Amino acid sequence: MQEVRAVVSEELDAVNAVIIEQLRSDVDMVENVGQYIVDAGGKRLRPVLVLLSSAALGSISDLQIRFAAVVEFIHTATLLHDDVVDVSELRRGRPTANSAFGNASSVLVGDFLYTRAFQLMVTLGNHDVLSMMADTTNTIAAGEVLQLIRAGDSTTSEDQYYDVIDRKTAALFAAGCEGAALLAGVDTGKARELNIYGRNVGVAFQIIDDLLDYQGDPEVTGKNVGDDLAEGKPTLPLIHVMREGSKAQATLVRDAINAKDRERLPDIIQAVRDCGSLEYTRKAAVACRDKALAALSSFPESTAKVAMVNLAALSLERSH
C-alpha cells in the first residue's frame with residue numbers, strides 16, 4: 001500500500017491538509033473528536049482511489065484533491081455512526097471514538113462531518129458531482145438500515161448480503177472513482193468504467209473484511225475476532241456454511257446469528273474451515289477483483305494504472 005500511495009504522495013498530503021483545515025470549528029468537541037479520528041490513521045484508501053483515478057485520466061486538479069477530502073469526510077462520518085450502532089469498542093487497534101467520547105458526541109460529530117462534506121462539495125461547482133454524492137450518501141444510509149434490519153436474521157440470502165455491501169461500502173468506492181472522472185470532464189464511458197472498477201474493489205474489500213472476522217489476528221486487524229457474529233451479521237462465510245454445511249453445522253451458525261452470540265465462536269470458526277467457506281469467500285473476492293481489472297483495460301498504461309491494478313490485488317491480500 002505504501003508503494004501505491006507513493007504514486008500520489010504529494011497530492012495525498014494536500015488532501016490531508018484540506019481535511020485538517022476543514023475540521024476547524026469554534027466548537028472544541030468537533031475538533032477533538034475529528035482530530036482523534038484523523039490521528040487514528042487508516043489507509044486513506046478512498047481518497048487514494050480518487051487521486052489515482054484522476055491521474056489515470058491525465059492529471060490531478062485542485063478540484064479533485066478537494067473531492068478526495070469530501071469522500072474521506074463521508075467515510076469518516078459513517079465510521080462514527082457505525083461504531084455507535086454496532087456498539088464497537090475497538091478500531092484500528094485503539095478505542096473507538098464512541099468509547100473515548102461517548103455515543104452522543106460521536107453521532108453529532110458524524111453529522112458535522114457529513115454537512116462539512118456537502119459544504120466543501122458546493123465549492124467544487126459541479127452539479128453532476130453534487131447530485132451523484134447526494135444519491136450516494138442516501139444509498140449508504142439505506143444500506144446501513146438494511147444491515148441493521150438483517151442483523152440477527154439467519155434467513156438472509158447471498159443476494160441480500162451483496163445488496164447490503166454494495167450499498168454500505170462499494171457505493172462510496174464507486175462514487176469516488178466516478179467523481180474524479182466527472183471533475184475531469186471526460187466522456188461518460190470512462191466515468192462508467194471507473195465506477196465499475198471502484199465498485200468491484202469496494203465489494204472485494206468488504207468481502208475480505210468479513211473473511212478476516214473469522215481468520216484474522218486481532219493484533220493485526222485492530223478489532224476483535226467474532227465481532228460480526230456478536231452483532232448478528234450474516235456475512236458470506238456464514239451464509240455458505242448454512243447452505244453447504246451439515247445440518248448440525250447449519251444449526252450452529254443459524255442459532256448464533258439469531259441470538260447474536262459468539263459464545264461458540266471456536267466451533268463456528270471450525271465449521272467455516274471444514275465447509276470450505278473461507279475458500280468460497282475468497283474466490284468471490286477474486287471474481288470482483290477480476291471485474292475491476294477488466295474495467296481498466298481501455299485505459300492507457302501509466303504509473304497510476306499500475307497502482308490501481310496493484311491496489312485491486314491488495315484488497316485481497318491485506319491482513320487488516
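**Salt bridges in a predicted model**

Let's start in helix 5. The side chains of Arg66 and Asp62 meet in a salt bridge, with N to O at 3.1 Å. Both residues sit in that helix, four residues apart, so about one helical turn separates them. Asp62 is partly exposed, at 47% relative accessibility. Keep in mind that this is a predicted model.

How many salt bridges does a search of the whole structure find? The count is 13. I'll walk through a few.

Stay with helix 5, which covers residues 62-85. Glu72 pairs with Arg44 in a salt bridge, and their closest N and O atoms are 3.2 Å apart. What does this pair tie together? Glu72 belongs to helix 5, while Arg44 is in the loop between helix 3 (28-39) and helix 4 (45-56), so the bridge links parts that are 28 residues apart in sequence.

Buried or exposed, for Glu72? Buried: its relative accessible area is 5%. Arg44 also counts as buried, at 13% relative accessibility. The cut-off here is under 20%.

Next, helix 10, residues 188-215. Lys190 and Glu193 form a salt bridge through their side chains, 3.8 Å from N to O. That falls within the 4 Å limit for a salt bridge. The two are three residues apart in helix 10, so again about one helical turn lies between them. Glu193 is partly exposed, with 23% relative accessibility.

Last item: a network. Which residues does it join? Glu158, Arg243 and Glu244, through salt bridges that share partners.

That's the tour. Questions, please.

Technical notes
Residues are numbered from 1 along each chain as its sequence is written. This is a predicted model: local features need pLDDT of at least 70, side-chain atom pairs count only at pLDDT 80 or more; totals for chains, interfaces and linings use all residues. Side-chain values use heavy atoms; hydrogens and water are left out. Buried means under 20% relative accessible area, exposed over 50%, partly exposed in between (1.4 Å probe, protein chains only).
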